[in-house]
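Have a look at the structure first, then read on.

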Amino acid sequence: MKTPAAIMYNLLGEEEGEQGFALAHQLIGRALNVPGASVHWYNKPEIRKQRKMGHITIVGPSMVNVENKLKSLLSKEDKIADGQSQATPLVGIIMGSDSDLPIMKEAAKVLDIFGVPYEVRIVSAHRTPELMNVYAKSAHKRGIQVIIAGAGGAAHLPGMVASETPLPVVAVPIRGSQLGGLDSVLSMLQMPRGIPTAIVGINNAENAALLAVRTLAILYPDMQARMIQYQQDMTDDVLRKGDKLMDLGWEGYLDSR
């Protein structure tokens, strides 16, 4: 691939042990928010000061552009990009391709309703396996508490992410051009023992987000209160429709819609 400008930044150990890994993953987390940046983590088992643990490549239309991106990355200031709410994200919404976005955006809409901060990323298990690995391993260190992963076809993304993270992963099977999405369902459902994923219905990203909210509600009482109100609102809506049907009759009801 040819690009007008590129720059590589080495990921060197700042400290030893767990503190060193934590600092490295903080930088990786910021890199994941920089357009044109890709992370290459070498999976070395030990970290020492000044030991090269990986590198970050940044591409762009000019050297000025990529240098500014690098400065932004190293400034340690929180930069908010499109597809991410302003508070520290609690939910990561990931998908294998931008073609999945029309489905996965419904999860973002639900999280907006509940006021849950989130991030949205394209992370392909097949085309960007290194990025997927880095994302999965760093998510919990960046404050993410639930991952919603959507994919179609072979749909390996949720399971592969679940194998690399201690976080709960909610899988959304995406309906493709073949088999009506059943292939995605089976890929996500038939996980080996020890690598669990929760799975919702085909294209049902809305339910994935609701499950994420219920998971977070265990720790956040305000979210539990919002979920209780959400359920009550659904009940009230059905009761109103029932009363309207009784008042108008079925023909009048359909004409009024």
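The buried residues of helix H2 are Val 66, Lys 69, Leu 70 and Leu 73, where buried means under 20% relative accessible area and exposed over 50%, with partly exposed in between (1.4 Å probe, protein chains only). They sit on the same side of H2 because they cover an arc of only 100 degrees around its axis, going by the directions from the helix axis to the C-beta atoms. Keep in mind that this is a predicted model: local features need pLDDT of at least 70, side-chain atom pairs count only at pLDDT 80 or more, and totals for chains, interfaces and linings use all residues. Residues are numbered from 1 along each chain as its sequence is written, and side-chain values use heavy atoms, leaving out hydrogens and water.

**More on H2**
- Val 64 and Lys 71 are exposed on the other side of H2.
- The buried residues of H2 pack against strand E1 (5-12), helix H1 (17-31) and strand E3 (52-60), with contact meaning heavy atoms within 4.5 Å.

**H3 and H7**
- In H3, Ile 103, Met 104, Glu 106, Ala 107, Val 110, Leu 111 and Phe 114 meet Ala 205, Glu 206, Ala 209, Leu 210 and Val 213 of H7.

**Whole protein**
- The protein has eight helices and eight strands, taken as DSSP runs (helices H or I, at least four residues; strands E, at least two) numbered from the N terminus.
- Of its 257 residues, 39% count as buried.
- The C-alpha trace spans about 75 × 40 × 40 Å along the principal axes.
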